[in-house]
Amino acid sequence: MVLTRPGHPSHRMPEGPELHLASHFVNEECRGLVFSGCVEKSPVSRNPEVPFESSAYHISALARGKELRLILSPLPGAQPPREPLALVFRFGMTGSFQLAPSDVLPPHAHLRFYTAPPGPRLALCFVDVRRFGHWELGGEWQPGRGPCVLLEYEQFRENVLRNLADKAFDRPICEALLDQRFFNGIGNYLRAEILHRLRIPPFEKARTVLEALQQRRPGDPGPLAPKGGKSRKKKSKGVRQGPEDRVEDPPPPNKSPSKTRRARRGLPEQTTAQQPKGPSLQQDPEVPPVPEKGKRRRRPATSGRHRPQKVKAHTPSLEPEGTSAS
């Protein structure tokens, strides 16, 4: 099974983060492994031969911008005695590191480092399909490249702000971000992602975008902070609130008679506040008005009829005794 460097999709050129991940991959996979023998180079590669041979050595890596340094360190007592050797790799468009069994090497493995017996023999391979990658002996970083954005941020920031008068910052910000003297490790996909996330117009003058950083106080977001903070501040000044921020007012008490009582009285569903004070053409004249609260309305007497009086059972009869009707 081939162990490949994570985070290196084949559809984009490796940039600073990919080189950084590659160094982690080498350090993690080669920790505890002992390598031995010669370093093999494929015959089709135009890169230089690596004149290194040792009976036992370790491999470690360090990334800086778009470069990766591979260090071969002989163990004490290894033969022949020699000093550590460093190689600096630039990945081109398709470079990567893979760890694979020595009898199943991946295609386009142009440089190979083999582990020592006993145990299954493995090979750490520099794989480069398009052969645009390059390595150099000596371990020196390429001159003219700025500090690493990931590992040397303070030096990187100082290098940019100290050189804002350079004519490189007369260009649009999308072009200036590709200048490796100041933005070591930034490439096509990273500059597009940076400008998009910070909502910076790509053709804005680079100096206009960056010069405000010279006066930025510690803790201030600065001009490169995502725009939109102003809209968040306006939220407290009457901006329409979301449902999570809205506090519903309690409904006012219902002072009108309930629908059940209205139906029982035969009244229309109209509140006292809506009841007109005077007669209306839309109001049925035969329907009595709604009585005011706290006052009890007497029923109108029916013409031609009188309410019969109730006679209690214990009331004595007014007729004299002995004269009852037969």
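Why does Arg90 count as buried? The relative accessibility of Arg90 is 15%, so the residue counts as buried, a class that covers values under 20% relative accessible area, with exposed meaning over 50% and partly exposed the range in between (1.4 Å probe, protein chains only).

The structure is a predicted model, in which local features need pLDDT of at least 70 and side-chain atom pairs count only at pLDDT 80 or more, while totals for chains, interfaces and linings use all residues. Residues are numbered from 1 along each chain as its sequence is written, and side-chain values use heavy atoms, with hydrogens and water left out.

The mean pLDDT (the predictor's confidence in each residue, from 0 to 100) of the chain is 76, and 62% of the residues reach 70 or more. Residues 225-239 stay under 50 in pLDDT and have 8 contacts (heavy atoms within 4.5 Å) beyond four places in sequence. In residues 315-326 the pLDDT is likewise below 50, and the model has 1 contact for this stretch beyond near neighbours in sequence.

The chain comprises 7 helices and 10 strands, assigned as DSSP runs (helices H or I, at least four residues; strands E, at least two) and numbered from the N terminus. Of the 326 residues, 33% are buried. Among contacts with a separation of 6 or more, 59% join residues 24 or more positions apart.

Arg90 belongs to strand S6 (residues 85-90). Its side chain makes a polar contact with the side chain of Glu67 at 2.7 Å; such a contact is a pair of N or O atoms within 3.5 Å, of which, within protein, one must be able to donate a hydrogen and the other to accept it, and residues adjacent in sequence count only if both atoms are side-chain atoms. Not counting residues up to four places away in sequence, Arg90 also touches Lys66, Phe126 and His134, among others.
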